Amino acid sequence: MSKQLASVTATRNGPPSGAARHIPGEPGIWILLFGDMLVFTVLFAVYLRNRHANPELFAESQEALHRTIGVVNTVVLLTSSLLVVLGTSAVRNGQVALARRLLFAGAAVGACFVLLKAVEYQSLFAAGIAPSTNQFFMYYFVLTGLHLAHVLLGLVLLISLAATMPSTEPTATRVAFAEGGACFWHMVDLLWIIIFPLVFLVR
């Protein structure tokens with residue numbers, strides 16, 4: 001009877017407080033993530049303010065962008081993030097070999113974003129479009145360029161985590177590092193999910 005009562009009480013109260021309070025990664029990574037998000041939030045606000053002031057120029061300039069590449073890049077980052085989620089879960093479960101393969105796969109898929117963005121940039125430059133063309137393209141290259149820099153940094157983190165994964169069960173510190181790298185990569189994904197509709201689609 002006492003066991004049944006304890007089970008009902010646990011069900012009503014939810015999981016133990018320690019599990020509920022678990023924050024992935026090291027505390028320092030969250031300072032970096034929130035700082036990055038704050039910078040991008042300011043840029044988004046400035047972009048929208050200037051778009052509101054000159055909607056015709058921004059709408060006309062948007063027509064030169066490659067929306068298909070933007071859609072494909074969105075799918076690429078979502079797929080990469082899924083692989084990283086699975087890889088992080090494997091790290092927590094001590095499945096080192098599987099974690100290494102999944103993290104490398106996540107980085108490989110994420111690298112496709114860089115290649116597609118290079119193709120997109122080259123196409124725009126070939127058409128005579130540069131940051132100095134007008135205000136819209138200045139913001140376009142600033143926002144997507146900063147995001148691309150974050151993608152490159154994220155790829156370095158994923159590859160480093162996979163390459164240095166120990167052959168034995170990872171320590172708590174190693175798990176925290178893997179979670180921190182995954183959180184950074186998910187932030188990169190989130191930023192693109194905001195940038196893509198904001199710059200490519202919003203009318």
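Angles under 35 degrees count as roughly parallel, over 145 as roughly antiparallel, 65 to 115 as roughly perpendicular and the rest as oblique. The exercises below concern a predicted model, in which local features need pLDDT of at least 70, side-chain atom pairs count only at pLDDT 80 or more, and totals for chains, interfaces and linings use all residues. Residues are numbered from 1 along each chain as its sequence is written, and side-chain values use heavy atoms, with hydrogens and water left out.

**Exercise 1. State how many helices and strands the chain has, and what share of its residues is buried.**

Solution. Step one: helices (H or I, at least four residues) and strands (E, at least two) are taken as DSSP runs, numbered from the N terminus. On this basis the chain has eight helices and zero strands, in the order α-α-α-α-α-α-α-α. Step two: buried means under 20% relative accessible area, exposed over 50%, and partly exposed in between, with a 1.4 Å probe and protein chains only. Of the 203 residues in the chain, 39% are buried.

**Exercise 2. Determine how H8 is oriented against H6.**

Solution. Step one: axes are lines fitted to C-alpha atoms, for helices over the stretch in contact, and angles run from 0 to 180 degrees between N-to-C directions. The axes of H6 and H8 lie 13 Å apart, at an angle of about 30°. Step two: the two helices are therefore roughly parallel to each other. Step three: a crossing is left-handed if the near helix is turned anticlockwise from the far one by less than a right angle, and right-handed if clockwise. H6 passes H8 in a left-handed crossing.

**Exercise 3. Characterise the packing of H8 with H7, and then with H5.**

Solution. Step one: helix H7 (residues 135-163) and helix H8 (residues 172-201) have axes that come within 10 Å and cross at roughly 160°. H7 and H8 are therefore roughly antiparallel, and the crossing is left-handed. The residues of this contact divide into 20 nonpolar, five polar and one charged; here Ala, Val, Leu, Ile, Met, Phe, Trp, Tyr, Cys and Pro count as nonpolar, Asp, Glu, Lys and Arg as charged, and the others, Gly among them, as polar.

Step two: H5 and H8 pack with their axes 10 Å apart, at about 165°. H5 and H8 are therefore roughly antiparallel, again with a left-handed crossing. This contact has 16 nonpolar, seven polar and four charged residues.

**Exercise 4. Locate the salt bridges and describe the setting of their residues.**

Solution. Step one: a salt bridge is a side-chain nitrogen of Lys or Arg within 4 Å of a carboxyl oxygen of Asp or Glu. The structure holds three.

Step two: Arg 92 pairs with Glu 179, the closest N and O atoms being 2.7 Å apart. Arg 92 lies in helix H5 (residues 67-92) and Glu 179 in helix H8, so the pair ties together parts that are 87 residues apart in sequence. Arg 92 is partly exposed, with a relative accessible area of 46%, whereas Glu 179 is buried at 4%.

Step three: Lys 117 and Glu 120 meet at 2.9 Å, N to O. Being three residues apart in helix H6 (residues 96-126), they are separated by about one helical turn. Both Lys 117 and Glu 120 are buried.

Step four: Glu 63 and Arg 67 meet at 3.5 Å, N to O. Arg 67 is partly exposed, at 24% relative accessible area.
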